[in-house]
Every structure is written in structure tokens, then in C-alpha cells.
Amino acid sequence: MMDTAQRARRDFLKGGLGALTLAVTGSGLVSAVRAAGAEPRKYGADSMPGGTVDDPLVFVSIAPDGTVTIVAHRAEMGTGVRTSLPMVVADEMEADWARVRVVQAGADEARYGNQNVDGSRSVRHFLLPMRRVGAAARQMLEAAAAARWSVPRDQVRATRHEVVHDASGRRLGYGELAADAARLPVPAGDALRLKVPADFRYIGKSEVRLVDLEAIGKGQAAYGMDCHLPGMVYAVVARPPVVGGKPHRVDSAKALAVPGVLKVVDIPPMQGAPAFQPLGGVAVVARNTWSAIQGRAALEIEWDDGPNGDYDSAAYRQTLAAASRAPGKVMRDQGDAPGAWAQAGEAERFAADYHVPHLAHASMEPPVATVRIQGDQAEVWTSVQNPAAAQEAVARRLKLDPAKVKVNVLLLGGGFGRKSKPDYVDEAAIVARAMPQGTPVKLVWTREDDIHHDYLHTVSAERLEAVVDQDGKVRSWLHRSAAPTIGSLFTEGAQGEQLFESAMSAINMPYVIPNVRVETAPVAAHARIGWFRSVSNIPHAFAAQCFIAELAHRAGKDHKQYALDLIGPARRIDPGTLADTWNYSESPERYPYDTGRLRGVIEAAARGAGWGRELPRGHGLGLAFCYSFMSYTATVVEVAVDAKGEVQVLAVDMALDCGPQINPERIRAQMEGGAIMGLSLALLGEITFERGRVKQNNFYDYEVLRHGASPRVIRTHLVNDDHALPPGGVGEPPVPPVAPALCNAIFAATGKRVRDLPVRTVA
């Protein structure tokens with residue numbers, strides 16, 4: 001079993017004392033740290049190609065016994081990042097994976113740079129820095145061996161945890177060379193030699209197991225819910241049932257009478273825009289979770305529902321639909337789409353409306369955090385995607401220097417974006433402050449808490465309008481989105497999708513169409529809107545991909561061929577004036593939209609599914625594709641629909657082009673998980689509101705896809721493993737094409753269009 005541990009930076013440096021310890025600075029420089037607490041020695045002035053978006057400072061250390069310790073500074077929530085990035089370091093430095101120890105970093109952005117595990121960025125932003133630090137270690141070890149033997153540097157080579165002099169057969173292990181290597185200058189610039197792909201030992205292979213695999217399989221892995229400390233007490237919170245609400249009257253006498261209940265603590269009400277602050281309410285602290293839950297049930301609270309008390313999702317849907325049919329804020333304008341529509345005849349016009357409801361993250365492990373305060377310091381144990389945000393929240397709440405707040409990052413039982421918003425950690429800090437010094441407080445959310453008080457994926461109405469000539473070619477394309485924005489988290493009263501949201505499969509559409517307009521409608525948020533796996537790509541791709549299938553059918557043409565013709569020849573799209581918003585925070589020069597790669601995944605998915613083959617009655621194949629998080633995906637779904645309208649998903653073929661494939665086993669796992677999640681959202685996912693309250697409660701009425709309803713076959717097709725390309729994302733891109741591919745397959749099977757999610761049955 002791979003040894004994985006939590007370890008403080010100071011302890012880590014002590015472990016490498018007298019040995020070789022390397023770091024990566026914010027500009028991509030490799031530095032050496034010679035002893036505990038010493039400042040890095042910096043060499044060279046080169047930086048990462050394409051510039052640096054994040055600021056990583058990630059360590060590798062070699063102890064005298066040869067153990068290589070690599071810090072994983074990104075949280076692990078099933079993507080395999082705690083394996084993949086250390087594996088990259090080990091490959092470049094020719095380390096024996098069996099002798100590698102992976103330690104999990106706590107929150108320390110001053111040292112590690114961005115640690116927020118969102119946006120499918122981990123490999124995308126840290127592949128090159130990890131390769132550099134591994135290569136630097138390898139070259140320094142080789143230089144140390146050459147000096148020890150008094151031979152030219154080019155006569156020695158590192159291989160499998162030792163340096164070899166082929167001419168004499170002499171060998172030295174990494175532990176024997178570490179101290180000497182630490183005294184050498186760190187190679188930089190042209191002196192730093194990365195491996196060529198042909199020499200990779202681990203990168204691109206599937207032999208390396210997850211570092212946590214055995215512990216997870218044996219139930220020994222430590223998630224946030226597994227934290228247990230001496231003297232620990234437990235807390236749950238009664239939160240306002242409506243966002244923006246607060247207690248009007250509280251009687252806690254009956255709660256305090258419940259056996260095991262220790263205290264009732266007020267949680268201050270939310271002020272202004274939600275951000276990551278708690279919703280407010282009343283916490284019940286007890287000797288165990290059951291007593292805390294029973295105490296909460298005994299609280300007598302009258303709530304002031306505030307401004308969102310009349311929020312009704314059915315009525316709001318009509319508001320969104322009306323807004324999507326009216327002119328909105330222009331996000332992209334090319335040619336004259338409104339003019340083309342006005343001048344076209346009725347037979348040339350085609351329009352369709354689509355709807356995606358609110359969705360909950362519903363990760364298997366609900367939010368949980370443990371906080372202990374001792375003097376002017378606090379320590380946190382939690383499952384969190386954004387450790388720095390948790391650190392800042394606790395420091396702000398307790399009025400401490402952030403350096404005095406230690407955040408221990410435990411495994412996440414799912415996240416999908418929810419756990420980058422540390423309101424639950426802030427709640428735990430509030431309760432811990434109210435308890436005697438040194439008392440660890442474990443604050444637990446139930447499943448009902450998680451469903452009722454999530455940062456929901458936005459609800460949206462999408463309207464598409466096209467002008468199509470007699471040959472079926474699209475001459476004009478107008479896409480309007482009416483959806484509350486994530487911006488409402490940070491700006492009170494913010495309305496309508498912002499540029500970064502429109503840049504997810506709306507602005508950056510790749511079709512050869514002379515007249516294009518993309519608009520958003522100014523609609524208000526009545527719930528906490530948060531990022532969710534693949535974010536606004538979900539509603540935008542659902543609408544656009546279903547619409548293209550409808551246009552193909554209207555033209556009497558094969559959907560796949562129609563889509564390829566619409567995309568046009570292989571080329572790199574020049575975003576022009578939209579460059580700053582084209583790629584969701586990434587440079588379009590570094591990540592150009594390459595329609596050749598998009599065509600490639602469409603062909604791969606279609607080929608895998610046997611597109612065009614004869615199917616039994618009631619069966620259908622549906623296609624959809626998407627460019628998101630700098631990767632290209634295409635999905636073909638096969639369904640069977642019975643006489644009652646029940647949908648059975650038989651097979652899913654998913655193709656992905658993410659550029660260089662670092663850990664194919666994890667990529668396939670993310671693709672398969674994305675297929676299941678996408679189907680779950682499309683067939684079952686829906687959060688609704690009445691009187692400002694979420695109507696769903698648990699998995700019995702907010703369902704996720706069960707095993708029996710899952711496809712019999714999921715085939716993944718990984719294409720274009722090109723290490724000359726910068727890496728794309730993997731965790732989020734699989735989800736957006738699934739729902740439209742499913743709905744297109746249903747039409748192929750039944751002739752019935754589905755434009756509203758969830759599907760449930762086909763009427």
C-alpha cells in the first residue's frame with residue numbers, strides 16, 4: 001500500500017534535513033531548501049510556457065534512506081489527483097514508485113499557490129511544474145554521482161531510484177546522493193532537461209494504483225466524517241428554511257432538556273450577498289450526533305423568511321421563459337442575427353425552448369468540519385476543495401492571523417464544487433468559539449441539511465432561434481439564456497449570466513454561421529447559486545446540442561454529418577474581440593479552439609457506438625458534443641423506450657481529447673463517472689421550491705441513478721495523446737454532452753422531443 005499521510009510543512013522539512021529538498025516557485029522556478037525553515041535558493045529566471053495562472057510551491061524531498069516524499073497540495077475527491085501529480089514527479093526523477101511517500105498539504109497558499117480544486121485545473125495547471133521539479137531532482141542526483149566518481153556528467157544516468165555509471169558498472173542510490181545533490185545549483189532554463197514521452201515510466205500508463213486505494217477498500221481512509229479527537233463534542237444547526245431568512249423567536253428550553261445536549265449557540269444571520277458565509281440559525285451542541293439532532297428537533301423557532309419567502313420555482317419558470325424570449329444583454333454579436341430573423345420567411349425560421357431545473361450537488365459525504373481553538377490558534381479538520389478559503393473564513397471569524405489557523409485536508413467523499421464553499425467550516429468555528437478552550441467541535445450536516453441548504457446549480461431557460469435555407473444550412477443563430485448568476489454570491493442583487501458563464505458553450509460556439517448573437521436576460525437569484533460540475537456548460541450544451549439535432553431532422557439529414565458540416569473544416573478559431581472571455585480564464589493562444597479535435601471526438605464516439613447501424617424498434621442512438629475546460633468531448637447514448645414510455649439506457653460511448661493523457665485509468669474513471677452523473681441529472685435531477693423552501697429532502701425524493709437503471713455498457717475512447725499540447729481538463733468535460741445525447745436518442749427511438757429536464761418518462 002502506498003504510504004499517504006497528513007504532514008505539516010515544518011515536519012516535512014525536518015524529514016528531509018540533510019537531504020535533497022526541492023520546491024517550485026510561482027514563476028515555475030525550481031528551488032532548493034537545505035534545512036528546516038531555510039528560505040529556498042533560487043536559480044534562473046525562466047517561467048512556465050504560456051505564463052503562470054496559479055502560484056504553486058510544491059515540494060519533493062529525498063531522505064538519507066532513499067525514501068522520496070512528495071507533497072500533494074491538491075485535495076483528493078475521487079479524481080486521483082493525489083496520485084497523478086506525485087506520479088508525474090516520480091516519473092521525471094526516475095523514482096521507484098514503491099519507495100515514494102505521498103503527504104497531503106494543509107492550507108498554505110503562500111507556499112503552495114492556488115489550492116482550490118475547481119475548474120478541472122489540477123493537471124492543467126500543475127503538470128509542467130511537477131515535471132520540472134522531478135527533472136531537476138534527477139539532474140542534481142546525476143551531477144552529484146558524476147562528481148563523486150570524477151567522471152563526466154554525460155556518462156551517468158538516473159534510472160529506477162539510483163544513478164548508474166555504465167562504463168564501470170558503479171551504482172549509487174538516491175539516498176546516498178541526496179545530501180551531495182542538495183549542495184548543487186538547481187538546473188534552470190535550457191539546462192533543465194525534461195524527459196521525452198518515449199522515456200516515460202508512469203505518465204500515460206495505467207500501472208500505478210491510487211495511493212489511497214487499499215485504505216479506501218479496507219475502510220481505513222480518513223474522510224472529514226471520520227475525524228475523532230479526545231473530548232470532542234458534536235453540533236448540528238437549525239438553519240433558516242429560506243435563503244435570507246432569520247429567526248424571529250427561539251425557545252431552546254426543550255432542546256436543552258434532551259439528554260446529552262450541552263449548549264445552544266446562535267449563528268449570526270447572513271448579511272448581504274451570500275458568498276461563503278453561514279446562513280445563520282441556531283446550533284445545538286451535544287455529546288453525540290444523535291443527541292444533537294434530537295435537540296435540534298426540540299427547538300421551537302419562528303422564522304422570518306425575508307425577501308425570498310414567496311419564491312416558487314413553478315412560477316419562476318414562467319418568468320425565465322418570458323425573459324428568454326425578450327431581447328437581453330448582448331454577449332456576442334456577429335453579423336445581424338435579429339435582422340436575418342426579421343427578414344426570413346416563416347418556412348425558414350425555427351425556434352425551440354429548453355429548460356434545466358435547479359440541481360443539488362448531493363455528494364455522498366455531506367459537509368462536515370471539526371474545529372479546535374487553543375489560545376490564539378485554531379486547527380481545522382475537514383473535507384474541503386478550497387483549503388485557503390476555509391483558513392480565511394476561520395481566521396476572519398475568530399479574528400486571528402491566517403497563519404495561526406491550520407487546516408488539515410482530509411479525503412472528500414465527493415465535492416463537485418460544493419465543498420469549495422466553506423460555510424460549514426465557518427459554522428464550526430462559531431460553535432467552537434462558544435465552547436471551553438481546547439474543546440474540539442465536530443459540526444455535521446445531515447443529508448436533509450445538504451439538500452435544503454446547498455449552493456444550487458442554476459435553473460435556466462434557453463431559447464434558440466435559427467434561420468435555415470432550403471438546403472438546411474444555418475444562416476443565423478440566436479441563443480438567449482435566462483438564468484440566475486453565480487455572481488449573485490458575491491454581489492448583492494446581481495442579475496443574469498455574466499461573461500464567464502456565457503463563455504461556457506454559448507459564446508464560444510464553433511459553427512460556420514454568418515450571423516450569430518448570444519444574449520443573457522437580467523433575472524434575479526432567489527437561492528444560493530454556486531458552481532457545479534461543468535457549471536453553465538450543462539444548460540448551454542443541452543439546449544444547443546438538442547437544437548442541432550432538431551435542425552438536422554428538419555433538414556432530413558443524418559445528425560452526425562449535419563453536425564460536422566455545421567462545424568466546418570478543421571481549423572483554429574480566432575476569437576477576435578472575445579478573446580478575454582472565450583476560454584473560461586485560459587489564454588486562447590495557448591488553448592485555441594481546434595475544430596479538428598472536436599471533429600475527432602465526434603467520429604470516435606460515433607464509431608464506438610456503431611453509428612448508422614440498424615436498431616430494433618423502440619431503440620435509438622443520440623449524439624452530442626462539447627468543448628469545455630480546454631477538452632473536447634462527444635457522447636453517443638443508446639436507449640430503449642417501452643410502450644409505457646419508460647427509458648432504459650443501454651450503452652454510452654464517450655470520446656475525450658484532453659491532449660496529453662497523464663493517468664489513463666483515472667481519465668476513464670472520470671468519464672464513466674461523468675456518464676452516470678450526467679444520466680442521473682437528465683433522468684432524475686430536480687430541486688423545486690414552494691414558499692422559498694426546497695421541497696426535496698433526501699435520496700428518496702432527490703434521486704440519483706441506481707445501479708439497476710445504469711447503462712449496461714460504458715465505453716470510453718481516449719484520442720490524441722499528444723504531449724506537444726497543453727493538458728486539458730478531465731473531471732468536468734464528460735458531463736455536458738450526456739443529457740442532450742440521451743434526449744436525442746429518445747427522439748430517434750420514439751419520434752418525441754424532450755426539451756425539459758428531467759426526463760423521467762416519455763409521454
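Modeller: Two strands pair if DSSP finds at least two bridges between them. Helices (H or I, at least four residues) and strands (E, at least two) are DSSP runs, numbered from the N terminus. The model is predicted: local features need pLDDT of at least 70, side-chain atom pairs count only at pLDDT 80 or more, and totals for chains, interfaces and linings use all residues. Residues are numbered from 1 along each chain as its sequence is written, and side-chain values use heavy atoms, with hydrogens and water left out.

Biologist: Which residue of S21 does Thr370 stand opposite?

Modeller: Strand S18 (residues 368-374) and strand S21 (residues 441-444) run antiparallel and are joined by four bridges. The residue opposite Thr370 is Lys442.

Biologist: Which side chain makes a polar contact with that of Asp423?

Modeller: Asp423 lies in helix H12 and counts as buried, at 1% relative accessibility. Buried means under 20% relative accessible area, exposed over 50%, and partly exposed in between (1.4 Å probe, protein chains only). A polar contact is a pair of N or O atoms within 3.5 Å; within protein, one must be able to donate a hydrogen and the other to accept it, and residues adjacent in sequence count only if both atoms are side-chain atoms. At 3.3 Å, the partner side chain is that of Arg528.

Biologist: How many aromatic pairs does a search of the whole structure find?

Modeller: Rings of Phe, Tyr and Trp (its six-membered ring) pair if their centres lie within 6.5 Å; planes under 30 degrees apart count as stacked, over 60 as edge-to-face and the rest as tilted. The number of aromatic pairs found is 15.

Biologist: Why is the pair of Phe276 and Phe490 edge-to-face?

Modeller: Phe276 is in the loop between S13 and S14, and Phe490, 214 residues apart from it, is in the loop between strand S23 (474-482) and helix H14 (499-502). Phe276 is buried, with a relative accessible area of 19%, whereas Phe490 is partly exposed at 45%. The ring centres are 5.8 Å apart, and the pair is edge-to-face because the planes stand at 80 degrees.

Biologist: At how many degrees are the planes of Trp477 and Tyr511?

Modeller: Trp477 belongs to strand S23, while Tyr511 is in the loop between H14 and strand S24 (515-520). Trp477 is buried at 1% relative accessible area, and Tyr511 is buried at 9%. The ring centres are 5.4 Å apart, and the pair is tilted because its planes are at 50 degrees.

Biologist: Over which ring does the charged end of Arg239 sit?

Modeller: A charge sits over a ring if NZ of Lys or CZ of Arg is within 6 Å of the ring centre and within 35 degrees of the ring normal. Arg753 lies over the face of Phe747, at 3.5 Å from the ring centre. For Arg239, at 3.8 Å from the centre, the ring is that of Trp445.

Biologist: Which side chain makes a polar contact with the side chain of His717?

Modeller: His717 is found in strand S32 (residues 713-718). Leaving aside neighbours within four places in sequence, its contacts include Ala604, Gly608 and Leu656. The polar contact, at 2.8 Å, is with the side chain of Asp653.

Note on methods:
Contact = heavy atoms within 4.5 Å.
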